[in-house]
Amino acid sequence: AGAMSTTTKGTAGYDRRRELQAFDDTKAGVKGLVDASVTTIPPIFHHPPDSLATSSTATIPVIDLSGRRSEVVGEVRAATETVGFFQVVNHGVPADLLAEMLASVRRFHESPAEAKTPHYTRDLARKVRFNSNFDLFQSPAANWRDTLFCQALPDPPEPEELPAAVRGVLLEYGDAVRQLAVRVLELVSEAMGLAPDRLEKMGCADGLSVVSNYYPPCPQPHLTLGTSRHSDPAFLTVLLQDDMAGLQVLVDDDGEKRAVWADVPPVPGALVINVGDLLQLVSNGRLKSVEHRVVANRSRDRARISVAAFFNADLRQTTAVYGPIEEQVTSSAPPLYRSITVEEFLSHYDGKGLDGRPALDHFLLP
């Protein structure tokens, strides 16, 4: 990794594809660059200067799930129809399980290379995959993060397929957050005026991918991002973040008449919930799958950890078709999107990578 060229894009002799391949071939991820004490980040990580303001006074709602149900439903409705993000407290997932999940992810990413390299792959058939940037070869710029991906439901991996560092906790954590996701989907169903079990019966939480992100300290955080702006290719996301800030959501600032980035500050013990693209689709645009990003880690000595649980359909049911729910379509709210299979959606999403364009736009009706 130390031999990577430091020339910039556009200069003669700079071969981006070769640089990407050289980085991927190390199987060491961004952590490998940090361990090699790089002080300038390679050009493959350079992002164009962002035109948007980097912070705003907008706040992301915090919802206490132990409150009166009618009030909680109202708060969920307001959050999902506007900012698309909210944090939940009193959510029922034990605090020690949250702490152990974060600790296990740190253990894995900070273990010696020989413990991680066997899991490094881009083979989508493998249920457990360690790599850096799922879209490394598609996206315009790489992000300063490494990821351990696990397809946890409906067909979990065998224990020996999981790295030892996370083996004792990851699937238990997945089961606990699925119970929470089903609760939240009931609240969202009610907020949409549907029967509480409607979204769950549609299969919105039958599939689960647990994506554990590691954001190492970045020597030039102004030049790159931890995760590019994107919306989520799922129905619902439940995110566990550690105590370091970094997650930002794109919100409309009425005073500014434009979209601005708002921080999602870590709240001790809370989990962050957000609407995914497929929930926006089946709600006929009523619920908002809002773009978000993670800024590069400005700490000098500590990595930021987050664990995203993406809830989706059972991808083995390849013929299941999703379109706007009939009750959400009226003469004044005609269908916005065509009906699609989740497989069709995901192949479009993965094929384009995090290129800054909303994936749902591809499925809008004329």
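Which residues does serine 139 touch, not counting residues up to four places away in sequence? In this predicted model, serine 139 touches Arg16 and Leu354 once those sequence neighbours are set aside. The residue is located in the loop that lies between β3 (128-131) and β4 (146-153). Its relative accessibility is 7%, and serine 139 therefore counts as buried, the limit for that class being under 20% relative accessible area.

An open sheet is built from four strands, arranged in the order β6-β11-β8-β9 with antiparallel pairing. From one strand to the next, the twist averages 30°. Strands of a sheet pair through backbone hydrogen bonds, in either a parallel or an antiparallel manner. Within the sheet described here, strand β8 (residues 247-253) is joined to β9 by six bridges, and the two run antiparallel. In this part of the sheet, glutamine 248 stands opposite aspartate 263 of β9.

Cysteine residues were also examined. The structure holds zero disulfides, a disulfide being a covalent bond between the sulfur atoms of two cysteines. Cysteine 150 has a relative accessible area of 1% and is therefore buried. Cysteine 218, with a relative accessible area of 6%, is likewise buried.

Note on methods. Residues are numbered from 1 along each chain as its sequence is written. This is a predicted model: local features need pLDDT of at least 70, side-chain atom pairs count only at pLDDT 80 or more; totals for chains, interfaces and linings use all residues. Side-chain values use heavy atoms; hydrogens and water are left out. Buried means under 20% relative accessible area, exposed over 50%, partly exposed in between (1.4 Å probe, protein chains only). Contact means heavy atoms within 4.5 Å. Two strands pair if DSSP finds at least two bridges between them. Axes are lines fitted to C-alpha atoms, for helices over the stretch in contact, and angles run from 0 to 180 degrees between N-to-C directions. A disulfide is a pair of cysteine sulfur atoms within 2.5 Å.
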